[in-house]
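Hi there,

Here is the structure I promised to pass on to you. Have a look at it first, and then read on for what turned up.

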Amino acid sequence: MDFALNDEQKMTIDTVRRFIKEELKPLEDEVEDSGQLDPAKARAVFAKAAALGLYALNIPADLGGGGLSTVDRILCEEQFGHTSDILIRRAFGNVYEPLLVCKGGQVERWLAPTVRGERTCSIAITEAGAGSDAQGIKTHAKKTDAGWVLNGSKHFISDGEWSDFFLVSAKTGEKAISMFMVDKSLPGVTVGKDQKMMGLRGTPHVELFFDNVALEPLALLGDEGQGFKLAMGALNVVRLAQVGARAVGKASHVLELMTEYAGERKQFGSRIGDFQMVQQMLADSVIEINAARLMVLHAAWMIDAGLDARDWIAMVKVQAAETLGRVVDRGVQIFGGMGFCKELPIERYYRDARVYRIFDGTSEIHRTVIAKSALRRGAALFDLHR
Ligand SMILES: Cc1cc2nc3c(=O)[nH]c(=O)nc-3n(C[C@H](O)[C@H](O)[C@H](O)COP(=O)(O)OP(=O)(O)OC[C@H]3O[C@@H](n4cnc5c(N)ncnc54)[C@H](O)[C@@H]3O)c2cc1C
């Protein structure tokens, strides 16, 4: 088992880290204060990142992406976690893996321009009445001679305002759910209100409404009734990267700040880092972050090895999200009043972290998946030698 990083991996991580420090970090406060990223600045960070080959790193090279293995991509995603969601989206892209299902004319229409950064896509699965129960949706598409007619609504759709098209789940039969690529410009598509969130300032989360939207046959992703299953499978790696690895990166960033502060801040004539109760918070954070990181990398390695990583990704989702939650909570505590004060970014990290236990499947849903799998697979799930 080789845990060492090769020179190429180290160089990629360094490039991403430097780009975040020099180009993105200086924009964070402005995004936080104004609640948005200036579109001109968004285009500028995209152009700089693309010039360095940092856009769409997860997409195979023959489709114009960075062609990274899952492990290498995960190493970059961990670095992405050091900055804000909207800056990651604009600089590095959100080219969701389900789009790789595109074939024929779909590639030039939806996938390729997204990889080139000319178009942006949001995933639209959740509805007001169907969150954890993603199959309980009401949005439906009726087959016609000309293609499909889509009706329904979605909510909480991240980046929906900026996106040019949406990957939408819709019922196409009593039990069948299909996925459609729906251009925002189509008649009958309405972007509703921005649903203000506790954190992730700068990333809009919007309602979408579909009123008799006529879709051409090409808009169907995968086979009828199969797209949802395909999309859910492909979303596993998105979950590993965008939740698992980024949570580890975020927690590491916060721990770095906590450690620095504990080494400088003096009370009772000593550094607060000399007090054992503060040390425990630091030590627990180091242990938990390293454990979560190894789990993320293990799941990434499984994907690269062609193994079924679904159960591991469910475990990672819980472990990384909850580790982040505990670390940012300790971060606020170690910074004391300054942790609660908006003059420092700690309170923002605390707010931003909370949703990691909720989106992309709640901790409860993933625990259910893990427990069911344990009951079915037994020791194979937790004893690597079986
Ligand atoms: C910031 C943000 C961004 C998002 N971005 C997107 C996006 O881009 N696209 C998209 O499609 N969706 C998006 N979502 C939606 C997100 O995936 C859902 O919020 C999430 O899946 C939970 O669904 P819900 O909010 O309806 O909660 P519910 O499903 O109503 O759950 C409420 C509570 O009940 C619990 N619960 C539900 N069912 C069970 C069960 N069987 N067993 C035990 N407990 C259960 C849950 O764990 C939770 O604690 C986003 C949400 C947020 C907050």
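Below is a short tour of the ligand site, the nonpolar core and one serine. Please keep in mind as you read that this is a predicted model.

Let's begin with the ligand. Which residues come nearest to it? There are 17 residues around the ligand, and Thr 126, Ser 132, Ser 158, Thr 362 and Glu 364 are the nearest of them. By type, the shell is made up of nine nonpolar, six polar and two charged residues.

An oxygen atom of the ligand has a polar side-chain atom of Thr 362 at 2.7 Å. The backbone takes part as well: a polar backbone atom of Ile 123 is 2.8 Å from a nitrogen atom of the ligand, and a backbone N or O atom of Phe 156 lies 2.9 Å from a nitrogen atom of the ligand. On its own the ligand has 980 Å² of accessible area, and the protein covers 64% of that.

Where in the chain does this shell come from? At least two of its residues are supplied by each of β1 (121-124), β3 (147-158) and α11 (363-377). Strand β3 has the largest share, with three residues. In terms of domains, domain 2 (121-221) and domain 3 (229-382) each provide at least three residues of the shell.

Next, the inside of the protein. In soluble globular proteins, nonpolar side chains tend to be buried together. Here the largest nonpolar core has 48 residues, and the ones with the most contacts inside it are Ile 74, Leu 240, Met 258, Val 296, Val 316, Leu 324 and Ile 334. Two or more core residues come from each of the helices α3 (70-80), α6 (227-264), α7 (276-304), α8 (310-335) and α10 (346-354). Helix α8 gives the largest share, 14 residues. This core lies between domain 1 (7-103) and domain 3 (229-382), because both of them give residues to it.

Finally, a closer look at one residue in strand β3, Ser 153. Is Ser 153 buried, partly exposed or exposed? Its relative accessibility is 29%, so Ser 153 counts as partly exposed; the partly exposed class sits between under 20% for buried and over 50% for exposed.

Enjoy exploring it!

Best wishes

How values were computed. Residues numbered from 1 in each chain as written. Predicted model: local features only at pLDDT ≥ 70, side-chain atom pairs only at ≥ 80, totals over all residues. Heavy atoms only, no water. Near = heavy atom within 4 Å. Polar contact = N/O pair within 3.5 Å; in protein donor to acceptor, adjacent residues only side chain to side chain. Areas by Shrake-Rupley, 256 points an atom, 1.4 Å probe, with all protein chains shown as cover. Helix = DSSP H or I, 4+ residues; strand = E, 2+ residues; numbered from the N terminus. Nonpolar A, V, L, I, M, F, W, Y, C, P; charged D, E, K, R; others polar. Domains from an automatic or database assignment. Core = buried A, V, L, I, M, F, W, Y, C linked by side-chain atoms within 4.5 Å. Buried < 20%, exposed > 50% of the residue type's maximum accessible area, 1.4 Å probe, protein only.
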